[in-house]
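I am opening a notebook on this structure.

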Amino acid sequence: MFIDEVRILVKAGNGGNGCVAFRREKFVPRGGPSGGDGGHGGDVILESSQRHNTLIHFRYNPEHKAERGRHGEGSNCTGRAGEDIVLKVPMGTVVYDDTTGEMLHDFQTPDERVIIAKGGRGGRGNQHFPTPTHPAPREAEPAREGDELRLRLELKLLADVGLVGYPNVGKSTLISRISAAKPKIADYPFTTLEPNLGVVTVGDAPYEESFVVADIPGLIEGAHLGAGLGVQFLRHIERTGLLVHLVDVSDASGRTDPVEDFKVIQAELASFGHGLDEKPMMVVATKMDASNPEKLKKLQAMAKRRKLAFYAISAVTGEGVDTLRYAMGERVREHRAEMHAMETK
Ligand SMILES: Nc1nc2c(ncn2[C@@H]2O[C@H](COP(=O)(O)OP(=O)(O)OP(=O)(O)O)[C@@H](O)[C@H]2O)c(=O)[nH]1
Ligand SMILES: [Mg+2]
């Protein structure tokens, strides 16, 4: 199952109370205050991990509490601090305060650690409070409570390439051809209900490289208004460096004009915003084994006019699939190099 959003409750540990105590020693009449401090409560920490790629482990486990600090004790003993807890999240997780909607953190790199809920401070014991006029204070500080937060975790898949297009154009078939992903494929629209990720490898060991392709549910006109499955899944391809726009050039689509198909999807991408319609894009004519030559020609001419790279494939015969795979790999490599150059600047 693909879990891309969970709500959890996190509660940091309360601090321990400060203690009120007085020294009681043989031969020391009326010893001074000796109440120790309470320990601090444990923090709740979120950490990004490369070993996790979903949020499923939170689904059955929505509450996470860190340990409380122990109360201070006599003889100036500080209470033990509560243990922190560390919750692992996949890279690409964005954390929101579910009560206010505020974005708290966006995990972009592995092994980032963020204290998301701070443990309560321990109260100070009465050892800190004597003054010349008040040498035997009977007051100690109470503990502070640990933060308690309702969080919404949202996973944006960190795919390199996003497949977009109308339903039924062959997006899932393509990802099943070029990666080990086994999505559902069927001859009706909206077969894909949740994004599928596939890892695609190019080149031979030891020079092989891999990248992640996201197959998302198909779009239709008005998707940005909620038609079909809507545009909710587009956020998974917001961070890709390349969109591959699949257009069916057979007559199976039931639509007459592939250029119109292209424009409709393009307009949905633009309505979604986040620069999706400005990303590098390849146009791919699909179902070449059953292509309508007129449609193919028209689509190809459009790609040329718009200076978009154009490929034609058949997932059935395999025609053009390798060429496309390598072209994607090439473009991903360029994109990674650009990102790297920006980071090291
Ligand atoms: N003839 C032919 N049929 C294809 C080709 N690729 C996919 N199909 C068929 O087209 C239909 C839809 O394929 P999918 O891969 O499920 O399409 P999709 O774009 O993922 O569809 P949604 O998930 O609904 O958006 C299936 O019946 C496939 O077998 C192809 O190259 N040639
Ligand atoms: Mg599909």
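**Second largest pocket**

I began with the second largest pocket, which holds about 380 Å³ of space. I noted how a pocket is set: on a 1 Å grid over the protein atoms alone, it is an open set of points where a 1.4 Å probe fits, with protein on both sides within 12 Å along at least five of seven lines, and lining residues have an atom within 4 Å of a point. Grid points are joined across faces, edges and corners, and the volume is the space filled by probe spheres set on the points.

The model is predicted, so local features need pLDDT of at least 70 and side-chain atom pairs count only at pLDDT 80 or more, while totals for chains, interfaces and linings use all residues. Residues are numbered from 1 along each chain as its sequence is written, chains are lettered from A and ligands numbered from 1 in the order in which they are written, and side-chain values use heavy atoms, with hydrogens and water left out.

Of the 27 residues lining the second largest pocket, I listed those closest to its centre: Asn 168, Val 169, Gly 170, Thr 173 and Ile 185. Helix α2 (residues 171-178) gives the largest share of this lining, three residues. Helices (H or I, at least four residues) and strands (E, at least two) are DSSP runs, numbered from the N terminus. I sorted the lining into 12 nonpolar, nine polar and six charged residues. Here Ala, Val, Leu, Ile, Met, Phe, Trp, Tyr, Cys and Pro count as nonpolar, Asp, Glu, Lys and Arg as charged, and the others, Gly among them, as polar.

From Asn 168 I went to Leu 197: the two are 29 residues apart in sequence and 18 Å apart in space, C-alpha to C-alpha. Leu 197 is in strand β10 (residues 196-202). Its relative accessible area is 37%, so Leu 197 is partly exposed (buried means under 20%, exposed over 50%, partly exposed in between, with a 1.4 Å probe and protein chains only).

**Helices α3 and α4**

Next I looked up how α3 (residues 258-272) meets α4 (residues 293-305): their axes come within 8 Å and cross at roughly 45 degrees. The axes are lines fitted to C-alpha atoms, for helices over the stretch in contact, and angles run from 0 to 180 degrees between N-to-C directions. The two helices are therefore oblique to each other (under 35 degrees is roughly parallel, over 145 roughly antiparallel, 65 to 115 roughly perpendicular, the rest oblique). On the α3 side the contact is made by Pro 258, Val 259 and Phe 262, and on the α4 side by Lys 295, Lys 298, Leu 299 and Met 302. Contact means heavy atoms within 4.5 Å. These residues divide into five nonpolar, no polar and two charged.

**Val 283**

Which residues does Val 283 contact, leaving aside neighbours within four places in sequence? I found His 245, Phe 262, Leu 299, Met 302, Ala 303, Leu 308, Ala 309, Phe 310 and Tyr 311. Val 283 lies in strand β13 (residues 281-286) and is buried, at a relative accessible area of 0%. His 245 is 38 residues away along the chain, yet the C-alpha atoms of Val 283 and His 245 are separated by 5.0 Å.

**Glu 154**

I then turned to Glu 154 in strand β8. Glu 154 is buried, with a relative accessible area of 8%. Its C-alpha atom is separated by 5.2 Å from that of Val 94, 60 residues apart along the chain. Not counting residues up to four places away in sequence, Glu 154 also touches others, including Asp 4, Glu 5 and Arg 235.

**Two positive phi angles**

Asp 111 is not a glycine, but I noted a positive phi of about 60 degrees. Asp 111 sits in the loop between β6 (103-106) and β7 (113-117) and counts as exposed, at 58% relative accessibility. His 274, also not a glycine, has a positive phi of about 55 degrees. I placed His 274 in the loop between α3 and β13, and it is exposed at 56%.
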